[in-house]
Amino acid sequence: MRKYLAIIISFACLTQTYAQQISAVEQVNVFVGSSGDHGQMSPSASYPFGMLSIGPQTYPNGHTGYENRAKLFLGFTHNRVEGVGCKGSGGNILIKPFIGNDAKQCELIKGVEKAGPGYYSISFANGINTEFTVAGKAGVEHYHFPAKEHGFMIDLSHALSNRFKAERHAIAGNSVSGWIEAGTTCQIGTYKVYYYLSFGSAVKWGDTSAHVLNAMVGDDDVTVRIAFSSVSVAYAKAAINAKAFETVKAESRNAWDKELSRIKVSGDAKEARLFYSMLYRTIQSPYEISEPDGAYRSTNGTLQHSASPVYNGWAIWDNYRTQLPLLSLMQPARYQGMMTSLANLYKAGKKDYATPTEPSNTVRTEHAIVVLLDAYRKGYAVDFKGIRDSLLSEAGRLDFSHPDKALESSYDTWAMAQILDVLKEDSLSKGYLRKANEWRNYWVKDFKDLTKNDVDKMEARGMYQGTIWQYRWFVPFDNKGLMELCGGENAYIKQLDKFFKNDLYNHANEPDIQAPYMYNFTQQPWKSQNMIRKYAQDTVVQYYFNDNSKGIDPFVDRIYTNRPDTYIRTMDDDAGAMSGWYVLAACGLSPACVGWPVYYLHVPLFKTVSLAGKYKPLNISVVNYGYSNRYIGSVMFNGKVLNRNWLTQQEILTGGSLVITASTQPNQSFGIANQWVSAIDLK
């Protein structure tokens, strides 16, 4: 028996060691969250922060055009926004390979499917094999046909949610090029992309309808090259990648591995595979839209030039509390360009949702005021002076009409006050701060009394995708004031305890995703250490508040799993928001309040975590690492005892050594001294 036990232990150790030796990109499962309403993600071939995403269009489809369980494929499309609601955005240029002379009579039934970062392939029951790869703004597609008559149907009017607007195209030899306009997510706004698509084989163009092309080819192996641009067809044509398929595939794989390796983890091999799959999801948007010479289309449709990369394809609301803070840590050089691009939207006529002239498919940019303040306080340059009037105009349009909106808009108002303070406009800043402080009135009116019968009802009192219980914790800019209105710290803790004990917390949507952090500024910070581990790694009970079915068929499982139906039903990833929550939890960090450069500490999910940082890595190691050891016993930072349970952005990016000693039991004295808590100071 001892012999077999030794063999098992030895095998487990070898498996863990092997997992730590293989590259980050090899550990990604791109099928995570690609089935049903469990993430709304796809296995499409893409590139870090790239416009182009080549993937399957299935029947039935999901918000990205793909359903993992589907057998029937309609073809392949070339862009999408990962993980968002409203039936998605993108799905342009549907290309369907077919056998015979009629695309409608050729069914594509799923056979063997494989994919990884930057690569997707599938074989069909009729003998057609396909594979795709993407590098930068260009993609290469390879199709193999059985030795029969065959060709391609290209639908230029295809778009997710049937949001096609217009297109213009021109055929020249073996190529087709032009532009497409389609609606963005949630039925608001329009984007325009330019493309150039060329066949590597002779093409006989057949009869076409208004926006559908038929291309017959004689070769059994056909290579198709395509590129996108936000500027013009000429730029798209110039971006075409003429290299061999395997060379482009290797370039894409290396680019993904470089970005994923900015965070290195070691410990549990299974958890590491999940970690890199989730990290992969956080670095797909926003998109880099500028050309090598700096040319790009602004959101007002004009041609502009920039000395640094320009980004678009925003989904700011759900991801502003997780994915964007994560990018600020792991992508310092790129993040500056993102923040400059976001600030420049105000100069071009920014809207909360997409504008009528977006240069790429996008979602929305709510809470951008908070994001820009957060970036500034984390050391990134933001031209507040140049966009002051536009910021004030947006602040003047904030909606306080519903209980949830009142709290969210108060957050934006608080951020506006902080920006005006940066601009040294003291009087105006104090006015906005007083207005932000009126959150107390809204909170007392709708969130203080928990005895009413609608406090756990979805969308009660006109709220959006949340309950009174869930939204009542959303005062991240004044948690000190929140504790006061709850009746003091003891009452606050009791109410938070009840919230979690009765499974009122809902990780399926974002109104309360900060709630597990919210013991950190009390005399019981160890409860947050437990809660973060619980929702990142344990089996939990969750009710489907999104359809008011509390008490009926609850979710009982781990939320984050390495499978297509990960996440809770109705839970979207929201452009990296929920995967970003897991990645931060796995690293032992929790944003204390977006708008302040502070992160709470807890025990990471790995024995070691290394964040690339800006100057040198921050190497985090866990003493007494183990599943049950979820509480912080003590912390050493750069060789000195750390008597607080938080770090600043600057400390993290500067790097060094962070040693966390973990324990199965709480150290109830750790994190009590030198606490950080957000507060409004009206003095």
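Predicted model: local features only at pLDDT ≥ 70, side-chain atom pairs only at ≥ 80, totals over all residues.
Visitor: Which residues in H6 meet Leu 324, Leu 327, Ser 328, Leu 329 and Met 330 in H5?

Guide: Residues are numbered from 1 along each chain as its sequence is written. Helices (H or I, at least four residues) and strands (E, at least two) are DSSP runs numbered from the N terminus, and contact means heavy atoms within 4.5 Å. On the H6 side, the residues that meet those five of H5 are Pro 332, Tyr 335 and Met 338.

Visitor: How many residues of the contact of H5 with H6 are nonpolar?

Guide: Here Ala, Val, Leu, Ile, Met, Phe, Trp, Tyr, Cys and Pro count as nonpolar, Asp, Glu, Lys and Arg as charged, and the others, Gly among them, as polar. In the contact of H5 with H6, no residue is charged and one is polar, and the number of nonpolar ones is seven.

Visitor: How are H5 and H6 oriented to each other?

Guide: Axes are lines fitted to C-alpha atoms, for helices over the stretch in contact, and angles run from 0 to 180 degrees between N-to-C directions. Helix H5 (residues 323-330) and helix H6 (residues 332-345) have axes 6 Å apart and pack at an angle of about 130°. Angles under 35 degrees count as roughly parallel, over 145 as roughly antiparallel, 65 to 115 as roughly perpendicular and the rest as oblique. The two helices, H5 and H6, are therefore oblique.

Visitor: Which residues are buried in helix H11?

Guide: Buried means under 20% relative accessible area, exposed over 50%, and partly exposed in between (1.4 Å probe, protein chains only). The face of H11 turned away from its buried side carries the exposed Asn 441 and Lys 445. The buried residues of H11 (439-446) are Trp 439, Trp 443 and Asp 446.

Visitor: Why do the buried residues of H11 line one face of the helix?

Guide: Picture the helix that holds Trp 439, Trp 443 and Asp 446 as buried residues. The arc is that of the directions from the helix axis to the C-beta atoms. Seen down the axis of H11, the buried residues line one face because they fall within an arc of 90°.

Visitor: What is the relative accessible area of Asp 446?

Guide: Asp 446 is found in H11. Leaving aside neighbours within four places in sequence, Asp 446 is in contact with Pro 403, Arg 461 and Ile 468. Asp 446 is buried, with a relative accessible area of 10%.

Visitor: How far apart in space are Gly 466 and Pro 511?

Guide: Gly 466 sits in the loop between H11 and H12, and is buried at 0% relative accessible area. Not counting residues up to four places away in sequence, Gly 466 touches several residues, including Tyr 471 and Pro 511. Gly 466 and Pro 511 are 45 residues apart in sequence, yet C-alpha to C-alpha they are apart in space by 6.4 Å.

Visitor: What is the omega of the cis peptide bond that joins Tyr 59 and Pro 60?

Guide: Most residues other than glycine have a negative phi, and most peptide bonds are trans. Pro 60 lies in the loop between strand S2 (55-59) and strand S3 (72-77). The bond joining Tyr 59 and Pro 60 is cis, with an omega of about -5°.

Notes
Heavy atoms only, no water.
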